Amino acid sequence: QPTVGVFALQGDVREHVHLLEGLGVRALAVRRPSELDHCDALVLPGGESTTMAKLARIFELDDPIRKRIADGMPTLGTCAGMILLADRIEDGASGQETFGGLDVTVRRNAFGRQVDSFEGDLAFDGLDEPVHAVFIRAPWVERVGDDVEVLARVADGEAAGRIVAVRQRHLLATSFHPEVNGDPRVHRLLVDLIPTS
Ligand code: GLN
């Protein structure tokens, strides 16, 4: 039975743990490097990405996470977690650090000027039925590298066409919160990326 960690220094940990347990994997809240060592995959949840990055540094989880991501550990980043996975943030002055690994540029709080939070159904590449997506002060993906597949875009409204889900090999990221409705399909995509040994 594989173990999937959920970064737990800050963010919405519990919903992810519940969903993962429903998929028959062991879910482990990760607060220290020794816990990360037990993980076959990792979820970086929503929360506040600057705080999450700061706490990761204080608890010396940042370099271990970077290394595991670089070594191919399947990782799902949702919302703030997408920001933490991104190689670049479009946010000129801030100089915010990320774990990186995902060859994309994200814009934080990208929907903010229009509306803080909203939800809607999205067609999602690789899933038969649309995903009900909940966006909370969400980022979007401005640019993707050559290796990155776009899995979902906003369907309509002012932000129509904006990229909100991507995959690059072992890395998955969504702008929205796939955990809040109890729909396990995006988490199943993560679990399916764990090599069976
Ligand atoms: N706006 C947050 C950030 O920039 C992300 C919000 C979320 O994860 N729901 O980190």
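Student: Why is glutamate 179 called buried?

Tutor: Happy to start there, keeping in mind that this is a predicted model. Glutamate 179 has 28 other C-beta atoms within 10 Å, and a residue is buried if that count is 20 or more, so glutamate 179 is buried. It sits in the loop between strand 12 (171-174) and helix 6.

Student: What does glutamate 179 touch, not counting residues up to four places away in sequence?

Tutor: Asp12, Glu15, His16, Leu19 and Thr78.

Student: Two of those, His16 and Leu19, are listed as buried in helix 1. What puts the buried residues on the same side of helix 1?

Tutor: The buried residues of helix 1 (residues 13-22) are Val13, His16, Val17, Leu19 and Leu20. They cover an arc of only 165° around the axis, so they lie on the same side of helix 1. What they pack against is strand 1 (3-7), strand 2 (26-30), strand 3 and helix 6 (185-192). Just after helix 1 comes glycine 24, with a positive phi of about 85°.

Student: How do you know that the residues UniProt annotates as "active site" gather at one spot?

Tutor: That annotation, from an unreviewed entry, covers Cys79, His177 and Glu179. They span 101 residues in sequence, yet no two of their C-alpha atoms are more than 11.0 Å apart, so they gather at one spot.

Student: Why does glutamate 48 count as partly exposed?

Tutor: Glutamate 48 has 15 C-beta neighbours inside 10 Å. Exposed would need 12 or fewer and buried 20 or more, so glutamate 48 counts as partly exposed. You will find it in the loop between strand 3 (41-44) and helix 3 (49-58). Leaving aside neighbours within four places in sequence, glutamate 48 is in contact with Gln10 and Ala80.

Student: And what makes arginine 137 partly exposed?

Tutor: Arginine 137 has 15 other C-beta atoms within 10 Å, a value in between those two cut-offs, so arginine 137 is partly exposed. It lies in the loop between strand 8 (131-136) and strand 9 (140-144).

Student: How do you know that the "binding site" residues cluster in space?

Tutor: UniProt, in an unreviewed entry, places that feature at Gly47, Glu48, Ser49, Arg108, Ile136 and Arg137. Although they are spread over 91 residues of sequence, their largest C-alpha distance is 12.9 Å. The residues around the ligand include Glu48, Cys79 and Arg137, and the shell divides into four nonpolar, four polar and three charged.

Student: How confident is the predictor in the chain?

Tutor: The mean pLDDT is 94, and 97% of the residues reach 70 or more. For the complex, the predictor gives an ipTM of 0.95 and a pTM of 0.96.

How values were computed. Residues numbered from 1 in each chain as written. Predicted model: local features only at pLDDT ≥ 70, side-chain atom pairs only at ≥ 80, totals over all residues. UniProt positions renumbered as here; feature names shortened; annotations may be inferred. Helix = DSSP H or I, 4+ residues; strand = E, 2+ residues; numbered from the N terminus. Contact = placed C-beta atoms within 7 Å. pLDDT = per-residue confidence, 0-100. Near = placed C-beta within 6 Å. Nonpolar A, V, L, I, M, F, W, Y, C, P; charged D, E, K, R; others polar. Arc of directions from axis to C-beta.
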